[in-house]
Amino acid sequence: MKQKKLLLTVFTFLTSMSACAQTTITLLPGKDSGPWPCAYYLLNSNDELQTLSPADWTSRCTDESDWIAGYGPLSNSPDDFRVTPWGSEVQPLLVRRHFTLTADDMAVISKSTLTLTCSYDENPHFYLNGVSLWSYTGWNDNDYAARQFNSRHMAQLREGDNVISVSLMQGAGGGHIDFSLTMTRPDTPDGIVGHKTDEDNRQGAVYSIGGVQQEHPANIYIKNNKKFIQKK
C-alpha cells in the first residue's frame, strides 16, 4: 500500500507542476513593447468602408503594394498612442499585421489560448486571415479589451504567415488603435520516467521530481511520500 501511495505522490506532484507550467508567446506586440510594424490604408469616407468587401483586403494573400508600410499605434492626437498620425476625423483606416506560427506552434494550438487585446476609437472590426473575429461599437477611451479565440477562430490559423486586419471608422473627436496578440501554451516536461516494478518503488528510495530514482539526492527530491528541499 505504501508503494502505491509513493507512486501516487510522485505523479500527483508532477501533474500539479505540469498544470501550472505555461509559456506565453507574444505573436503581435502592443505599444508597451515599442512601435509595431504594419501596413495601413486610408479611405475617403465611411460610405467607402461600408461598400468595401472584406475579401478585398483582409486575406493572407492581399496585395499590399498600394498600402503604406509604417508603424503603429496610430492616433489623431499627440498622445501615448501616436507613433503614426491618423486623421480619424476625416478618414477611415485599415490596418494589417502579420505573424508567424511554426510547426511546433500548430502542434499544440488546440491546447493553447490566444488572446487579442486592443484599445480603439472607433467602431473597429477585426479579421483573422480573411475571417471575421469581432467588432466593437464605439470606443474604449484609453482602456483595453481582451478577447480569447474560440474554436472557430483557432481553425483559421495556418502554419507560416498569418494576418490580423482591422478597420476603424471616421468619427468626431479622438481616434486611435493599438492591439496585441499572445499565445499561452502548456509546457511539456522532458525526461519523465514512470516506475514499473515493485523494486523501483521500495520504501526509502529517493526520486527526482521527474520520477527518476536517484542514488544521491538532488536539491529537490521525493522520499517516503514527502518532497524535500536540500539546503546548501
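## Basis

Residue numbers start from 1 along each chain as its sequence is written, and side-chain values use heavy atoms, with hydrogens and water left out. Because the model is predicted, local features need pLDDT of at least 70 and side-chain atom pairs count only at pLDDT 80 or more, while totals for chains, interfaces and linings use all residues.

## The sheet

Six strands form an open sheet in the order β3-β2-β6-β11-β8-β9, with antiparallel pairing. Strands here are DSSP runs of E with at least two residues, helices are runs of H or I with at least four, and both are numbered from the N terminus. Two strands pair if DSSP finds at least two bridges between them. The edges are β3 (68-72) and β9 (131-135), each of which pairs on one side only. On average, neighbouring strands of this sheet are turned by 30 degrees against each other, direction ignored; axes are lines fitted to C-alpha atoms, for helices over the stretch in contact, and angles run from 0 to 180 degrees between N-to-C directions.

Strand β2 (residues 36-42) runs antiparallel to β3, and five bridges join them. In this pairing C38 stands opposite G70 in β3.

## Aromatic pairs

Rings of Phe, Tyr and Trp (its six-membered ring) pair if their centres lie within 6.5 Å; planes under 30 degrees apart count as stacked, over 60 as edge-to-face and the rest as tilted. The count by this rule is seven aromatic pairs. One of them, Y41 with W67, is tilted, at 5.6 Å centre to centre and 55 degrees between the planes. Y41 lies in strand β2 and W67 in the loop between α2 (46-51) and β3, so this pair ties together parts 26 residues apart in sequence. Y41 is partly exposed at 31% relative accessibility, whereas W67 is buried at 12% (buried is under 20% relative accessible area, exposed over 50%, partly exposed in between, with a 1.4 Å probe and protein chains only).

W134 and F149 make an edge-to-face pair, with ring centres 5.7 Å apart and planes at 70 degrees. W134 is in strand β9 and F149 in the loop between β10 (145-148) and α4 (151-154), 15 residues apart. W134 is buried, with a relative accessible area of 7%, and F149 is buried with 10%. Elsewhere, ring pairs link W36, F126 and F179 into a cluster.

## Charges over rings

A charge sits over a ring if NZ of Lys or CZ of Arg is within 6 Å of the ring centre and within 35 degrees of the ring normal. R96 lies over the face of W67, at 5.8 Å from the ring centre. R97 lies over the face of W36, at 3.9 Å from the ring centre.
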